[in-house]
Amino acid sequence: MPQNLLHTALAQHVQLTSTQEAAFLAICTPREAKKKEFLLRTGEVNHHLYFVQSGCLRSFIIDQSGKEVNLEFAVEGYWISDIAFNKPALLSIQALEPTQYVQINLHAFEQLTQEEPVFNLFFRKLLQNGYFAFKKRMLTGMTQTAAQNYRDFLLKFPGLPQRIPQYHIASYLGITPEFFSTIKAEGLDLYQQAMDNL
């Protein structure tokens, strides 16, 4: 299993000894998913946390009209799971392209936190970051234009528009594919301005 990406992701949240990192890697199972393969479906009991090493996963729900609504994308170096652990999932997780990922059993992780309390801190920071990212997305979604939201998407996921269908991005932004086509150029311009100012 390529460990550099996972090592970096762990180090972003906590400092681990080599023994602690080895204990964490011992509960990680490398997996592969084909394009369009489901890792989790709404209603199934969620037992896992996932870490993407290559490829792209999405989480989504089905709205009252039967339309898929994308909530999250997970590309290289990202974590993804349902918000309900060891309970029926509220959302589905699917691969948008061939994906290599690490699967972490939540029961095994809970046992690890009892043996190594540092992983409680790791998990809390993981949840906090996810919560703040989702909250920020909600707030900007209500206060920014669609073009500005697309700029933010490009800043977060550079290169992803060349990898997945545009209708998935439109769903994530909460707009129709037709409207996305009209704001795409403006969003690209705003993205380029943001990059120029870095």
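## Strand pairing and helix packing in a predicted model

In strand β5, alanine 74 is the bridge partner of leucine 57. The model is a predicted one, in which local features need pLDDT of at least 70 and side-chain atom pairs count only at pLDDT 80 or more, while totals for chains, interfaces and linings use all residues. Residues are numbered from 1 along each chain as its sequence is written, and side-chain values use heavy atoms, with hydrogens and water left out.

Helices (H or I, at least four residues) and strands (E, at least two) are DSSP runs numbered from the N terminus. Two strands pair if DSSP finds at least two bridges between them.

| Strand pair | Bridges |
|---|---|
| β4 (residues 57-62) and β5 | 6 bridges |
| β3 and β8 (residues 99-105) | 6 bridges |
| β3 and β6 | 2 bridges |

An open sheet is formed by 4 strands in the order β2-β7-β4-β5, with antiparallel pairing. Since β2 (38-40) and β5 (68-74) stand at the edges with a single partner strand each, one side of each is left without a neighbour in the sheet. Direction ignored, neighbouring strands of this sheet are turned by 30 degrees against each other on average.

Strand β3 is mostly covered, with 6 of its 7 residues buried; buried means under 20% relative accessible area, exposed over 50%, and partly exposed in between (1.4 Å probe, protein chains only). Phenylalanine 51 stands opposite valine 102 in β8, and its bridge partner in β6 is tryptophan 79.

Helix α4 (residues 118-143) has 26 residues and reaches 38 Å from its first C-alpha to its last, close to the 38 Å expected at 1.5 Å a residue; the expected span is 1.5 Å times one less than the number of residues. Phe119, Phe122, Phe123, Leu126 and Thr140 are buried in α4. The buried residues of α4 pack against elements including α1 (4-11), α2 (18-26), β3 (48-54) and α5, where contact means heavy atoms within 4.5 Å.

Helix α5 (residues 146-156) packs with helix α6 (residues 166-173) at an angle of about 115 degrees, their axes being 10 Å apart. Axes are lines fitted to C-alpha atoms, for helices over the stretch in contact, and angles run from 0 to 180 degrees between N-to-C directions. In this contact, Asn149, Tyr150, Phe153 and Lys156 of α5 meet Ile169, Tyr172 and Leu173 of α6. Helix α6 also lies across β4 and β5, running at about 100 degrees to β5.
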